[in-house]
Amino acid sequence: MDDWTTSHERVLAQRNAEGWTFLIEAVRDLRTTGAVAPSGKALARLLTDPVARNGARPLNVLEAGAGTGSVTRALIPRLSPGSRLDIVEANPRFATRLRHLVRTHPQLAGSGERVRVHHALVEHLDPGHRYDVIVSGLPFTNFTPAQVDTIMSRYMDLLEPGGTLTYFAYRGTRHARALTATRAEARRHRRAEEVLADYQRRYATGCWTVWGNLPSAKVWQLCRPAHPSATVTSRTALTGASR
């Protein structure tokens, strides 16, 4: 058996184990996990594009709601030399897996200290600095409208002026929830989406659909204005491209 075969089998085994871990945690606590499968490659790549677009400039990057690390693995190779990454995860079992990922990732050998894993809620994070890019995997529509507003407000506070927030939302969740949820739950979901829509109107610079993800997802990019008095004109009507 050659090296490629053993390496390929190792990757498949890792993905299978990751999928089962994600499913178990979803059953245990769907409200904080928010899905039943890790993010796919296309979704992870699009979420981390703002990091790659900054070129060789060292960045401060935050990933919130990293889960089992499917987006983290796409993010680490895109970090430019000198960049720092903070990873925030509220699920203790996921946080343990993420620390193992950071310790063993080949591209972090000898420099793992520039990537830190925090077992915490992102709204409680106090890093002492701002971020050029924030990548969010949090399941917003599983939260109350007040929680969504608190988290989004905290994201904007944590961004450098001109910095980018990128996050995703699964398509069709409102319709699916309307078939199974109580009226109160459906109303909470709708109001959480309305809070997100308000931030999108004020700060969005792009929106794309990843049809190949399971389930398909929309990726949003929001920008904190470079000047306090500036407003960001949403271009979502012009950016419906699929990836």
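This is a predicted model: local features need pLDDT of at least 70, side-chain atom pairs count only at pLDDT 80 or more; totals for chains, interfaces and linings use all residues.
Residues are numbered from 1 along each chain as its sequence is written, and side-chain values use heavy atoms, with hydrogens and water left out.

Let's start at Ile134, which sits in strand S4 (residues 131-136); strands (E, at least two residues) and helices (H or I, at least four) are DSSP runs numbered from the N terminus. Ile134 has 0% relative accessibility, so it counts as buried. That word stands for under 20% relative accessible area, exposed for over 50%, and partly exposed for anything in between, using a 1.4 Å probe and protein chains only. Leaving aside residues up to four places away in sequence, Ile134 touches Leu62, Tyr155, Leu158, Leu159, Thr164, Leu165 and Thr166, a contact being heavy atoms within 4.5 Å. Take Leu158: it is 24 residues from Ile134 in sequence, yet their C-alpha atoms are 8.5 Å apart.

Now for the cores. A nonpolar core is a set of buried Ala, Val, Leu, Ile, Met, Phe, Trp, Tyr and Cys residues joined through side-chain atoms within 4.5 Å. The largest one has 29 residues, and Val61, Leu85 and Ile87 touch the most other members. There is also a second, separate core of 28 residues, with Val88, Val122, Met152 and Tyr167 among them.

Next comes helix H9 (residues 183-203), whose 21 residues should span 30 Å at 1.5 Å a residue; the end C-alpha atoms are 30 Å apart, which agrees. The expected span is 1.5 Å times one less than the number of residues. Buried residues in H9 are Arg188, His189, Ala192, Val195, Leu196, Tyr199, Gln200 and Tyr203. They cover an arc of only 145° around the axis, which puts them on the same side of H9; the arc is taken from the directions from the helix axis to the C-beta atoms. On the face turned away from that buried side, you'll find the exposed Arg183 and Arg201.

Finally, look at strand S7 (residues 217-223): six of its seven residues are buried, so the strand is largely enclosed by the rest of the structure. S7 pairs with strand S5 (residues 159-170) in the antiparallel sense over seven bridges, pairing requiring at least two DSSP bridges between strands. Here Phe168 stands opposite Val219. Strand S6 (residues 204-210) also pairs with S7 in the antiparallel sense, over six bridges, and Ala204 has Leu222 as its bridge partner. S6 and S7 form a hairpin, with six residues between them.
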